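Please read the following briefing alongside the sequence and the coordinates.

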Amino acid sequence: MRNTRSRIVELEPGARFEALRQCRIFKGLKPEEIKELVPLATPVLYAKGYYIFHDGDPAEFFTLRGKA
């Protein structure tokens, strides 16, 4: 069964870099360090109202709130 509540979004490396650069958690990183994270980032778009996690769930990833 296909998950219609989320989907992976294809972004060019430059767009991934920019998204990571704007994230507060990476504020202290140098551009070279952020570039190392680009291939590890997987952009996922979630449907409105979809629960990404619930209070108390173990951390498996982090999310950035972006504009769709």
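Ser 6 touches Val 44, Leu 45 and Tyr 46 when residues up to four places away in sequence are not counted, a contact being defined by heavy atoms within 4.5 Å. The model is a predicted one, in which local features need pLDDT of at least 70 and side-chain atom pairs count only at pLDDT 80 or more, whereas totals for chains, interfaces and linings use all residues. Residues are numbered from 1 along each chain as its sequence is written, and side-chain values use heavy atoms, with hydrogens and water left out.

- Ser 6 belongs to strand S1, residues 6-8, where strands (E, at least two residues) and helices (H or I, at least four) are DSSP runs numbered from the N terminus.

**The chain as a whole**
- The chain has two helices and two strands, and its pattern along the sequence is β-α-α-β.
- Of the 68 residues of the chain, 15% count as buried.
- Among contacts in the chain with a separation of 6 or more, 58% come from residues 24 or more positions apart.

- Apart from neighbours within four places in sequence, Leu 20 contacts Phe 26, Ile 34, Leu 37, Val 38 and Ala 41.
- Arg 16 is found in helix H1, residues 13-21, and, with neighbours within four places in sequence left aside, contacts Val 9, Leu 11, Val 38, Ala 41 and Pro 43.

**Surface**
- The accessible surface of the chain comes to about 6500 Å², 54% of it belonging to carbon and sulfur atoms, with areas taken from the Shrake-Rupley method with a 1.4 Å probe and, for residues, only the protein chains shown counting as cover.
- Phe 61 lies in the segment after strand S2 (44-46), and Phe 61 is partly exposed, with a relative accessible area of 47%.

Terms used
Buried means under 20% relative accessible area, exposed over 50%, partly exposed in between (1.4 Å probe, protein chains only).
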